[in-house]
Amino acid sequence: MVTIEHGPHGDAALPVRKGLRVSLSTLFMLLLVATLAACTPSSTTSGKQTPTPANSPTPAPTATPSGPVGLDALSPELAAYANQQGDAMGIAVYDLTRKRQYTYNGDATFILASSSKVYILCAYLDMLEQQGRGPNTTERSEMTAMITQSDNNAAQYLFDKLGRVTGQNAYLQKLGITGYVGSGRDWGYAQLSANAMVRMLMLLQTGQTLNADDRALALDLMSRIDIGRWGVGTTAPAGAKIYMKDGWVTGPDDLWYQSSSGIVVAGDETFIISVYSRQKNYDWSKVEHVCGLAAQVLV
């Protein structure tokens with residue numbers, strides 16, 4: 001029989017067994033069996049995996065898990081045209097629907113001109129998030145002018161407050177974007193690649209940078225471009241949603257650096273493209289030809 005005794009400070013959950021007489025050897029064997037049983041995994045739990053903690057770190061996002069491939073895998077015609085341009089053009093195309101990236105000279109750096117404003121915008125919004133606030137009236141006005149009107153003074157205002165090259169590069173490195181070549185206070189002469197811009201836009205479109213409100217603001221501004229809608233903006237299919245930014249400037253070598261980058265959402269198809277060019281004359285035809293060929297294949 002099992003009885004429960006309560007001492008002055010006893011715990012009713014700890015029973016004291018009475019009326020049981022066993023030898024020391026028997027007691028030892030019982031204890032040994034109990035110990036072995038406790039160490040043996042239960043058949044109901046031994047096959048289960050340990051659940052991942054809710055706060056486990058998320059792997060760094062990658063635009064192309066298998067790595068980019070040449071443009072010929074997307075369009076032989078596009079690849080042939082790109083080859084004609086030599087090192088004067090860099091192209092990156094990311095088929096977001098199928099998670100495939102295609103590139104030509106995609107890691108080569110080009111002068112960014114006003115396409116740098118996409119990086120400034122996202123870096124500035126990220127800085128405000130670290131401060132625990134959203135943009136104030138002045139900041140929102142400057143962002144709007146910088147993106148929709150391609151206002152250079154607005155870009156300079158935000159770039160200076162961001163910390164110029166140091167602040168910009170810190171944000172890009174956080175995203176895994178390397179190779180940024182700053183140019184002091186001259187944000188427009190900074191250099192990066194087509195692959196870098198496609199990665200920036202992919203992270204923005206898929207919600208892997210900035211909070212929901214700031215992403216919505218950035219994409220809204222990039223959908224309302226008033227000045228500079230060449231390239232992506234003139235070649236996307238009718239009815240597509242376009243989030244874009246162009247850049248154009250003469251470089252120290254007296255050549256024109258022209259670029260068009262954007263996100264195109266047409267029905268169930270979404271692709272991201274960035275085309276950088278360097279040429280003697282101000283001419284959008286080459287950039288637009290590339291954007292148009294890519295749109296024909298992907299939509």
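## The second largest pocket

In this predicted model, the second largest pocket has a volume of about 190 Å³. Its lining is formed by Ala113, Ser114, Ser150, Asn152, Asn153, Gln156, Asp186, Trp187, Gly188, Tyr189, Trp248 and Val249. Sorted by class, these lining residues comprise five nonpolar, six polar and one charged.

Two elements, α5 (152-162) and β8 (241-250), each contribute at least two residues to the lining of this pocket. The largest share, three residues, is supplied by α5.

## Packing of α3 against α7

Two packed helices are described by the angle between their axes and the distance between the axes. For helix α3 (residues 116-130) and helix α7 (residues 194-205), the axes come within 11 Å and cross at roughly 40°. The two helices, α3 and α7, are therefore oblique to each other. The crossing in which α3 passes α7 is left-handed.

On the α3 side, the contact is made by Val118, Tyr119 and Cys122, and on the α7 side by Ala196, Met197, Met200, Leu201 and Leu204. The contact of α3 with α7 holds eight nonpolar residues, with no polar and no charged ones.

## Packing of α3 against α6

Helix α3 also packs with helix α6 (residues 164-174), at an angle of about 85° and with the axes 9 Å apart. Angles from 65 to 115 degrees count as roughly perpendicular, and α3 and α6 are therefore roughly perpendicular to each other.

From α3, the residues in this contact are Ser116, Tyr119, Ile120, Cys122, Ala123, Asp126 and Gln130, while α6 provides Gln168, Tyr171, Leu172 and Lys174. By class, the contact of α3 with α6 consists of six nonpolar, three polar and two charged residues. Tyr119 and Cys122 of α3 take part in the contact with α6 and also in the contact with α7.

## Packing of α2 against α10

A further helix pair is formed by α2 (residues 76-85) and α10 (residues 285-298), whose axes come within 10 Å and cross at roughly 160°. Angles over 145 degrees count as roughly antiparallel, and α2 and α10 are therefore roughly antiparallel to each other. The crossing of this pair is left-handed.

In the contact, Glu77, Leu78, Tyr81 and Gln85 of α2 meet Lys286, His289, Val290, Leu293 and Ala294 of α10. The residues of the contact of α2 with α10 divide into five nonpolar, two polar and two charged.

Terms used
Residues numbered from 1 in each chain as written. Predicted model: local features only at pLDDT ≥ 70, side-chain atom pairs only at ≥ 80, totals over all residues. Heavy atoms only, no water. Axes fitted to C-alpha atoms, helices over the stretch in contact; angles between N-to-C directions. Helix = DSSP H or I, 4+ residues; strand = E, 2+ residues; numbered from the N terminus. Parallel < 35°, antiparallel > 145°, perpendicular 65-115°, else oblique. Left-handed = near helix turned anticlockwise from the far one by under 90°. Contact = heavy atoms within 4.5 Å. Nonpolar A, V, L, I, M, F, W, Y, C, P; charged D, E, K, R; others polar. 1 Å grid on protein atoms, 1.4 Å probe; cavity = no way out; pocket = protein on both sides within 12 Å on 5 of 7 lines; lining within 4 Å. Points joined across faces, edges and corners; volume = space filled by probe spheres on them.
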